[in-house]
Amino acid sequence: MSRHAAAYIVGAYEHPLRNAPDTSVAQLHAEVAAGALADAGLTKEDIDGFFCGPDAPGTGPLSLADYMNLNLRHVDTTNTSGSSYLIHVAHAAQAIAAGKCNVALITLAGRPRQEGKSKGALKRQDNPNQPDFEWENPFGIQILGVYGMVAQRHMHRYGTTAEQMAWVKVAASHHAQFNPHAMLRDPVTVEDVVNSPLVADPLHRLDCCIVTDGGGALIVTRPEIAKSLKRPRVKVVGCGEAPMGQAGGYFEITDTAAQKSGAAAYAEANVKPSDIKYVSLYDSFTITAMLQIEDLGFCEKGAVGRFVEDGNLISGRGRLPFNTDGGGLCNNHPVNRGGMTKALEAVRQIRGEAHPSVQVPNCDLALANAIGGQLGVRHASSTLILERG
Amino acid sequence: MSDYLNPEPVPAPDTTIFWEAAKQGRLLLKQCRNCGKPHWYPRQLCPFCFSVDTDWIEASGKGEIYSFCYMRKAAAPYVLAYVTLAEGPTMMTNIVDADIGSLYTGQKVEVDFRKSVGEWSVPLFRPSGPGSL
Ligand SMILES: [Zn+2]
């Protein structure tokens, strides 16, 4: 089956560092850009579109575009936190289709570990002018706390258990042992997870992602250019994006905007969940990945606890191989923004370039999903469906 | 958890009335005169029908726990929670004076105003039946 696509991902690069004491943020962006260009077989002079998020220091794209001395005719700094980078792929495809650019560079980079932002109890970076600040800050809102409430409510509504949540980390850690760059390479058991200290009940320490320095980059281009390059081709066949908030006080925190972004991407690609061979899911916490599994239609709502048990997310063993790089739970979670690394491993899987121990056989259709912001408060989901070809 | 002091609210120009009422132990809500629905958090424009015709009403102060999380790593641990008010909307708050181990979703709670670190009072909730301390 061959689908029309306006754009291809032709370059992908993940920075090998997880601690970057000696590299500036701007240099990290430049290094991942150079890495993705080399991967694609393109040069800096080919870039005419630049997409970045607020991890790019300076006003929007301006400082980095100047630092890298890019010659641009299209820029986009859409910010939906960690889901931005999948939206950037979608917006790059749209800009390419509209003739606004030919070769789009997307970068993410930073060094939160050096800047003391790797603590689990990280406070939100809020502005008192944001209208919700007044109604949340006085109650000590923290990322851990809202995800703890999401997990608590899912347990209450559906009977999900800590042991079931632990299976997500077990699968990620199984994959990470094969990734030489992964920050945490030791496989863990369900017992290891549920016996790790509670940090924000019911979340245990091993339910939580890592925080890393580094970053990644993608190059998106039009079909004619993609076909002139030597790398295996990765076609962008479906995209979706959707925000979700508290809806005036009538909301369900176990629902995610992946219900909408996923439906849009499936419709555009004209595929269904059972067609997907590999999935990258944003795993800021184990529960985050679980809600995406439900809302992207891989199981019934409320059934994800049973779905993830017994290694069902482990490549070569389960029905839904996920985050074969080790994900944000074990491999890499640069700048607390997981969307980029979700796309990078999906690209590797489609190219057949994942580690042989975790490569999904004949992986011709993959889905990458990211959640940005915070579930349970305000977030945006973005979905990409990628096809070989 | 009784050592926790809530960060000071920063009232907006159109919400000072809420925080003044909170000092007097009254929980206010915004309700739309056009569509009749109360909402949270308070806005001048109804988030359902976009009418500007919204009123402050006094809430009963009764509700039930929607979800909660015990923030045990904080210097002074506390319970972050959502409480669904009897009037309908769900608001973020803290649960106080509770036996942490027996908290549950659906538990009946009632409002209890506590002083913040500064000059204001904030609407927290405590179990209204079994489970309170
Ligand atoms: Zn209304």
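This is a predicted model: local features need pLDDT of at least 70, side-chain atom pairs count only at pLDDT 80 or more; totals for chains, interfaces and linings use all residues.
Colleague: How many residues does chain B bring to the contact with chain A?

Modeller: The contact draws on both chains. Chain A and chain B bury about 3200 Å² between them, with 63% of it on carbon and sulfur atoms. Chain A gives 34 residues to the contact, and the number from chain B is 42.

Colleague: Which element supplies the largest share of the side of chain A that touches chain B?

Modeller: Helix H4 (133-136), helix H5 (143-158) and strand S5 (198-200) of chain A each supply at least two residues of that side. By class, the side of chain A that touches chain B has 17 nonpolar, 11 polar and six charged residues. The largest share is eight residues, and the element they come from is H5(A).

Colleague: Which side chains meet in a salt bridge at 2.7 Å, N to O?

Modeller: Between chain A and chain B the count is one salt bridge. The interface also has 20 residue pairs in polar contact, both residues being at pLDDT 80 or more. The side chains that meet at 2.7 Å, N to O, are those of B:Arg72 and A:Asp201.

Colleague: How many disulfides does the structure hold over all chains?

Modeller: The cut-off for a disulfide is a sulfur pair within 2.5 Å. Over all chains, the number of disulfides is zero.

Colleague: Is B:Cys35 buried, partly exposed or exposed?

Modeller: Buried means under 20% relative accessible area and exposed means over 50%. The relative accessibility of B:Cys35 is 38%, so this cysteine counts as partly exposed.

Colleague: How many residues apart in sequence are the parts that A:Asp39 and A:Arg351 tie together?

Modeller: A:Asp39 forms a salt bridge with A:Arg351, with the closest N and O atoms 2.9 Å apart. A:Asp39 lies in helix H1 (residues 25-40) of chain A and A:Arg351 in helix H13 (residues 339-351) of chain A, so the pair ties together parts whose separation in sequence is 312 residues.

Colleague: What is the relative accessibility of A:Arg351?

Modeller: The partner in the salt bridge, A:Asp39, is buried at a relative accessible area of 17%. A:Arg351 counts as buried too, its relative accessibility being 11%.

Colleague: Where does A:Glu252 lie?

Modeller: A:Arg153 forms a salt bridge with A:Glu252, the closest N and O atoms being 3.0 Å apart. A:Arg153 lies in helix H5 of chain A, so the pair ties together parts 99 residues apart in sequence, with A:Glu252 in the loop between strand S8 (234-244) and helix H9 (258-269) of chain A.

Colleague: Is B:Lys62 buried, partly exposed or exposed?

Modeller: The side chains of B:Glu110 and B:Lys62 meet in a salt bridge at 4.0 Å, N to O. The pair links strand S7 (residues 108-115) of chain B, which holds B:Glu110, with strand S4 of chain B, which holds B:Lys62, 48 residues apart. B:Glu110 has a relative accessible area of 27% and is partly exposed. B:Lys62, at 48% relative accessibility, likewise counts as partly exposed.

Colleague: With which side chain does the side chain of B:Thr90 make a polar contact?

Modeller: B:Thr90 is in strand S6 (residues 90-95) of chain B and is buried, with a relative accessible area of 4%. Leaving aside neighbours within four places in sequence, its contacts include A:Gly249 and A:Phe251 as well as B:Trp40 and B:Tyr66. The polar contact, at 2.8 Å, is with the side chain of B:Thr84.

Colleague: How far apart in space are B:Ala76 and B:Leu5, C-alpha to C-alpha?

Modeller: B:Ala76 is in the loop between strand S4 (62-71) and strand S5 (78-85) of chain B. Beyond its neighbours within four places in sequence, B:Ala76 is in contact with B:Asp3 and B:Tyr4. B:Ala76 and B:Leu5 are 71 residues apart in sequence, and their C-alpha separation is 8.3 Å.

Conventions
Residues are numbered from 1 along each chain as its sequence is written. Chains are lettered from A and ligands numbered from 1 in the order in which they are written. Side-chain values use heavy atoms; hydrogens and water are left out. Buried means under 20% relative accessible area, exposed over 50%, partly exposed in between (1.4 Å probe, protein chains only). Contact means heavy atoms within 4.5 Å. Buried area is the accessible area (1.4 Å probe) that two parts lose on being put together, summed over both. A polar contact is a pair of N or O atoms within 3.5 Å; within protein, one must be able to donate a hydrogen and the other to accept it, and residues adjacent in sequence count only if both atoms are side-chain atoms. Helices (H or I, at least four residues) and strands (E, at least two) are DSSP runs, numbered from the N terminus. Ala, Val, Leu, Ile, Met, Phe, Trp, Tyr, Cys and Pro count as nonpolar, Asp, Glu, Lys and Arg as charged, and the others, Gly among them, as polar.
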